Amino acid sequence: SEFAIRGLHHHWKKNVLMKLDNFLHVQAGTVYRGHTALSKEETLKLIPGHGIPLSELSINKAKGGVRQLVDQFAVPELTLLADCTQYFTDKIFRMILST
């Protein structure tokens with residue numbers, strides 16, 4: 001699968017995967033929650049101005065909400081994050097709709 005690539009950023013507070021450019025702007029069409037691409041409107045609600053403040057970037061979760069995944073474990077980790085997010089999103093929506 002070519003879904004997960006090295007260099008994606010994971011915003012763990014907002015639970016999305018995205019690609020940022022060199023100026024920390026979110027690249028168009030690269031924001032995903034699970035395996036679902038978010039629309040431009042949904043992206044703007046989550047990330048106003050399509051930019052991530054430098055203070056939110058971090059190597060570890062304790063210091064910031066966004067980290068870039070670039071090492072040899074990035075692709076499996078991103079795939080696992082996306083798969084788990086998609087699974088729980090589907091389960092929650094199914095439970096809500098069935099009640």
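Helix 2 gives the most, with three residues. Keep in mind that this is a predicted model.

How much space lies in that largest cavity? About 40 Å³. And if we count cavities of 30 Å³ or more, we get one. Around the largest cavity you'll find His 10, Asn 15, Val 16, Leu 17, Tyr 32, Arg 33, Gly 34, Leu 81, Ala 82 and Thr 85. Sorted by type, that lining has five nonpolar residues, four polar and one charged.

Now, on to the cores. In soluble globular proteins, nonpolar side chains tend to be buried together. Here the largest nonpolar core has 11 residues in all, and Val 16 is one of them. Others in there include Met 18, Leu 20, Val 26, Ile 47 and Ile 52. If you click on Ile 47 and skip its neighbours within four places in sequence, you'll see contacts with Met 18, Val 26 and Ile 52. There's also a second, separate core of six residues, with Leu 17, Ala 74, Leu 78 and Ala 82 among them.

Last stop, Gln 86, which sits in helix 2. Is Gln 86 buried or exposed? It counts as buried, because its relative accessibility is 16%, and the cut-off for buried is under 20%. The Gln 86 side chain reaches the backbone nitrogen of His 35 at 2.7 Å. Leaving out residues up to four places away in sequence, Gln 86 touches Arg 33, Gly 34, His 35 and Thr 36.

Conventions: Residues are numbered from 1 along each chain as its sequence is written. This is a predicted model: local features need pLDDT of at least 70, side-chain atom pairs count only at pLDDT 80 or more; totals for chains, interfaces and linings use all residues. Side-chain values use heavy atoms; hydrogens and water are left out. A nonpolar core is a set of buried Ala, Val, Leu, Ile, Met, Phe, Trp, Tyr and Cys residues joined through side-chain atoms within 4.5 Å. Buried means under 20% relative accessible area, exposed over 50%, partly exposed in between (1.4 Å probe, protein chains only). Contact means heavy atoms within 4.5 Å. On a 1 Å grid over the protein atoms alone, a cavity is a set of points where a 1.4 Å probe fits but cannot get out, and a pocket is an open set with protein on both sides within 12 Å along at least five of seven lines; lining residues have an atom within 4 Å of a point. Grid points are joined across faces, edges and corners, and a volume is the space filled by probe spheres set on the points. Helices (H or I, at least four residues) and strands (E, at least two) are DSSP runs, numbered from the N terminus. Ala, Val, Leu, Ile, Met, Phe, Trp, Tyr, Cys and Pro count as nonpolar, Asp, Glu, Lys and Arg as charged, and the others, Gly among them, as polar. A polar contact is a pair of N or O atoms within 3.5 Å; within protein, one must be able to donate a hydrogen and the other to accept it, and residues adjacent in sequence count only if both atoms are side-chain atoms.
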